[in-house]
Amino acid sequence: MDPFTMTAVLAAVDTAASGALSGAAGELGRRTAEGLAGLARRAWRRDRDGEGDGDGGREGSESGDERRADGGGRGAGGGRGAGGRGEPPAAPADEDERRALAALLIEQARAEPGFARDLAAWLRESEWLAAAVTVPAAAPGTPRPRMLPPLTSAFTDREDVLAAVTGLLDETAAGAGEAGGADEAPSRTAVTTAPHIALLVGPAGVGKTAAAVHCAHALASRFPDGELYADLRGASAATAVTPSEVLVRFLHHLGVPADRVPADEQGQAALYRERTAGRRMLVLLDNAHSASQTAPLLTASPGSLVLVTSRHRLPALVRDHGARIVRVGPLSDADSFLLLTRIAGPDRVAAQRTHAEAVAARCGGIPLALCETGARVQAREQLSWERVEREFAAFAEGERSLRGNRPGQDRGMPDNSAFPDGDFPEGNAFGGNAFGGDADSLGDAGSLGGAASLHGAGSLRGAVSPVSPVEPALLATDLSYRDLAPDAARLYRLLALRPWPDISVGAAAAAADTGEGDARRLLESLAAAHLLEETGEERYRFHDLVRRHAERRAHEEDGRGATALAVRRTVTWYLRFAARADALVIPGRWHLGPAYARTPGGPGPGFGSASGSGSGSGSGERTTEAARAALAGLRRERANLAEAVRAAEEYGFDEEAWQLCEATWGLHLRLGFHEQWVATHLRGVEAARRSAAGIGDPRAEGRIRTQLAFAYMGLGRYAEAESQLTAAAAADERAGHHRGRATAAESLGLLHLRQWRYEAAEECFRQARRILGGIAEDGDGAADVPRADALLAHHLGRALRGQGRHDEAVTQLTDALARFRALPRRDLYNEARVRMSLGETHLAAGDPAAARTPLDEALAVMAAEGAVLQQADAAELRARCAAGRDDAARHLRLARSLYEEVGDAAGASRTSALLREQEREQERGRGQNGG
């Protein structure tokens with residue numbers, strides 16, 4: 001049987017050119033891709049010259065015309081993945097180029113026995129890569145995700161919602177479409193692979209989230225494979241999170257390691273469907289803004305349930321995905337009174353039951369209003385229900401009514417300008433209904449069963465004129481606000497100036513310009529008043545209606561100057577937090593911006609006792625634990641950091657905006673989140689340009705463009721990455737910033753390495769070294785030049801190896817090693833990396849004996865540095881050049897134990913298989929000797 005079928009070879013090419021180039025398999029992926037590049041170049045030479053490469057099959061030094069530095073031009077394959085007659089092949093960019101490359105490899109293998117042997121060996125290696133890039137299924141006994149928020153003891157009623165969702169689960173497929181009604185979903189007989197989807201729809205503050213959480217906990221036993229939860233923050237398009245942000249978090253909870261999560265949303269969604277297929281899971285998507293936001297988050301199993309809450313109908317979710325609408329209206333009179341009693345306490349209600357019932361009616365059946373009002377009465381022992389009833393009446397009647405108020409209206413209560421996203425278009429007491437004015441929004445309050453009279457004539461609410469269901473929530477919020485102490489009221493206002501995803505004690509202290517102890521106390525008082533929700537240990541958030549009330553109050557009471565200062569203090573807190581953490585995560589890198597110079601030593605916010613670094617130059621103690629804690633802190637504040645960039649842009653804080661981008665380099669380089677990376681850095685580039693047009697740092701634009709290019713690389717958008725790097729070089733040249741120009745040239749060279757454009761990469765690295773050579777001893781970036789030059793020498797050696805110029809590569813890598821060893825402050829990790837590259841180059845040149853010494857040295861250094869994964873990789877390489885079978889087995893066993901230590905199942909499985917194969921060869925050898 002022909003081993004070189006198109007199916008087999010194309011599958012291997014696909015794996016190497018996609019998973020490896022995306023970095024999904026680390027060093028194994030890189031080596032497999034480089035091995036494919038070497039085979040492609042050999043096949044290209046034969047195709048160009050019409051000659052074979054003999055039985056040796058190894059690529060030697062190339063002729064002069066193959067060494068030219070222009071690289072032949074286009075990126076990511078450039079439409080020539082299989083190579084043209086005048087150009088070496090670049091990495092294939094699409095299916096057609098991969099198929100052409102596979103055909104070229106097969107043709108060469110059938111013509112040359114030596115090439116056939118090497119291709120067969122590479123195909124075997126690609127099988128290990130396929131195993132490495134494939135995300136393994138969760139092992140038996142792996143904890144299932146349990147992401148649901150906790151239940152609240154005050155939860156009341158909603159049995160009708162639970163019954164509707166339970167009925168959706170219980171109905172048979174054949175009868176699924178027979179319930180009828182305009183809001184019913186299509187029959188599930190036609191959607192047999194889709195999950196059950198219940199869409200809980202209702203106005204803001206009506207208790208959709210609480211109802212959904214209650215349903216989810218009540219039904220959780222039906223879904224043994226776990227529960228997923230996400231707040232989609234869909235109150236407006238501006239605050240809505242992207243599906244990619246949620247998918248990354250869900251995949252982590254489904255057991256996918258961070259380095260195996262695809263960078264792009266399409267790949268994330270595909271992996272999410274794969275990981276949820278055939279599993280019985282419950283997914284709660286809270287506060288959705290649109291059907292397009294929720295669609296990628298739907299599971300791929302008919303045994304699953306997806307609960308979606310929204311103040312919009314989301315007709316596309318019903319039409320395209322079979323969602324069933326479940327209406328969530330105001331509570332009944334009896335349940336309103338019961339909820340109020342549970343919050344305020346039975347004793348407080350019993351004394352003035354009649355007035356308490358009237359207050360419950362004034363709250364309009366809106367749980368948010370009931371909870372705020374009950375908490376207010378519970379906290380103020382002398383506050384009577386009669387007084388509260390009069391306060392509500394005063395707002396609903398006469399001069400203090402909301403109707404018709406404009407600039408002279410009662411302070412804190414909204415006019416249309418307080419709701420810029422259209423939540424309250426003209427037509428009711430707020431100027432409209434509570435559900436938004438777009439095609440996806442609910443038409444009126446009556447559509448939720450509340451009617452204009454808020455639960456019908458004859459109820460206690462008949463005393464109140466028809467209002468939107470949202471109005472009582474805002475009335476109750478304003479009354480609760482008036483009871484706050486001045487310092488608590490000020491914090492309440494200033495925290496609401498931006499839609500922060502959540503609020504920490506440190507950020508709150510910065511907003512109010514107070515100490516963390518005071519901020520902690522004030523946050524607790526706001527949570528007790530139900531004006532903030534506590535989402536975790538010392539983490540808080542606003543309900544979006546409450547935040548808008550507080551924001552309105554801030555603009556009216558604090559004024560433009562004070563509010564801008566509060567936002568700036570908060571943004572600056574996040575900047576200092578990120579800079580301190582980033583300096584711990586990657587301490588040796590070159591930093592730009594004053595935030596690093598002002599990073600003090602001592603404990604850093606959000607990462608325990610981790611020591612802060614000085615100016616980003618690597619000073620200060622850095623432990624593995626501190627770096628890990630700092631990275632965890634950056635991850636925890638990731639969404640807030642993105643919001644800080646948006647806030648800085650909107651308020652014109654350009655210096656802070658681009659510095660925030662610089663300070664999230666470690667976060668994105670280590671953890672990805674590429675969609676956010678692109679979004680923030682596009683803002684950062686523009687902020688840097690505006691800043692430079694004034695008196696800002698002219699070096700910033702090139703710096704942020706270079707970082708943006710790496711985000712595009714991670715997404716496989718190589719043309720955009722190259723465009724940003726070209727623009728970065730131009731910006732740095734305008735700024736006279738030689739260090740930045742060198743970085744841009746270096747980064748472009750690294751991009752070309754990924755694309756197999758080794759000649760172009762070589763020229764970029766040489767250009768970067770020439771630029772560094774032009775920096776004066778006292779010039780900008782001079783202190784970093786020796787280390788940067790050593791790194792470039794290493795890159796240059798890799799580019800030479802890619803061209804098959806092995807002797808030159810060895811010389812260059814030896815020079816790189818000498819440069820690293822001569823640094824005033826030794827960089828042992830990168831020294832070891834150069835030694836590993838030397839070992840790889842000797843192996844590629846067919847000299848395994850020469851590879852042993854540098855690989856042994858690399859093993860020792862990686863062990864001393866605690867770089868376990870890199871040590872395992874070096875041990876596996878060392879086995880390839882072993883002096884004998886015992887030597888090979890020893891290093892394979894070492895590699896296996898190290899992979900097991902870090903939980904790399906694919907690496908452990910691969911080395912175990914290699915050991916078994918070696919044992920079989922030994923048995924065959926003994927049999928032949930015995931025969």
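Predicted model: local features only at pLDDT ≥ 70, side-chain atom pairs only at ≥ 80, totals over all residues.
## Helices H28 and H29

Helix H28, which spans residues 700-714, and helix H29, which spans residues 718-735, have axes that come within 8 Å and cross at roughly 170°. Because angles over 145 degrees count as roughly antiparallel, H28 and H29 are therefore described as roughly antiparallel to each other.

On the H28 side the contact is made by Glu 701, Gly 702, Arg 705, Thr 706, Leu 708, Ala 709, Tyr 712 and Met 713, while the residues that H29 contributes include Tyr 718, Gln 724, Leu 725, Ala 728, Asp 732 and Arg 734. By residue class, the contact of H28 with H29 divides into ten nonpolar, three polar and five charged residues.

## Aromatic pairs

The structure holds nine aromatic pairs. One of these is formed by Tyr 492 and Phe 542, whose geometry is edge-to-face, with 5.8 Å from centre to centre and 65° between the planes. Tyr 492 lies in helix H17 (residues 486-495) and Phe 542 in the loop between strand E8 (539-541) and helix H20 (544-557), so the pair ties together parts of the chain that are 50 residues apart in sequence. Both Tyr 492 and Phe 542 are buried.

A further pair consists of Trp 500 and Tyr 574, and it is tilted because the ring planes stand at 35°, with the centres 5.3 Å apart. This pair links distant parts of the chain, since Trp 500 is in the loop between H17 and strand E6 (503-504) whereas Tyr 574 is in helix H21 (residues 559-585), 74 residues apart. Trp 500 has a relative accessibility of 10% and so counts as buried, and Tyr 574, at 0%, counts as buried as well. Ring pairs also join Trp 500 and Tyr 574 with Trp 573 and Phe 577 into a cluster.

## A charge over a ring

An aromatic ring also takes part in a contact with a charged group: the charged end of Arg 638 sits over the ring of Phe 673, at 4.0 Å from the centre of that ring.

Asn 287 is found in the loop that runs between strand E3 (282-286) and helix H9 (291-294). Although placed in a loop, Asn 287 counts as buried, because its relative accessibility is 17% and the cut-off for burial is under 20%.

When neighbours within four places in sequence are left aside, Asn 287 is in contact with Asp 231, Leu 232, Arg 233, Gly 234 and Ala 235, as well as with Thr 309, Arg 311 and Asp 544.

Key: Residues numbered from 1 in each chain as written. Heavy atoms only, no water. Axes fitted to C-alpha atoms, helices over the stretch in contact; angles between N-to-C directions. Helix = DSSP H or I, 4+ residues; strand = E, 2+ residues; numbered from the N terminus. Parallel < 35°, antiparallel > 145°, perpendicular 65-115°, else oblique. Contact = heavy atoms within 4.5 Å. Nonpolar A, V, L, I, M, F, W, Y, C, P; charged D, E, K, R; others polar. Phe/Tyr/Trp six-rings, centres within 6.5 Å; stacked < 30°, edge-to-face > 60°. Buried < 20%, exposed > 50% of the residue type's maximum accessible area, 1.4 Å probe, protein only. Lys NZ or Arg CZ within 6 Å of the ring centre and 35° of its normal.
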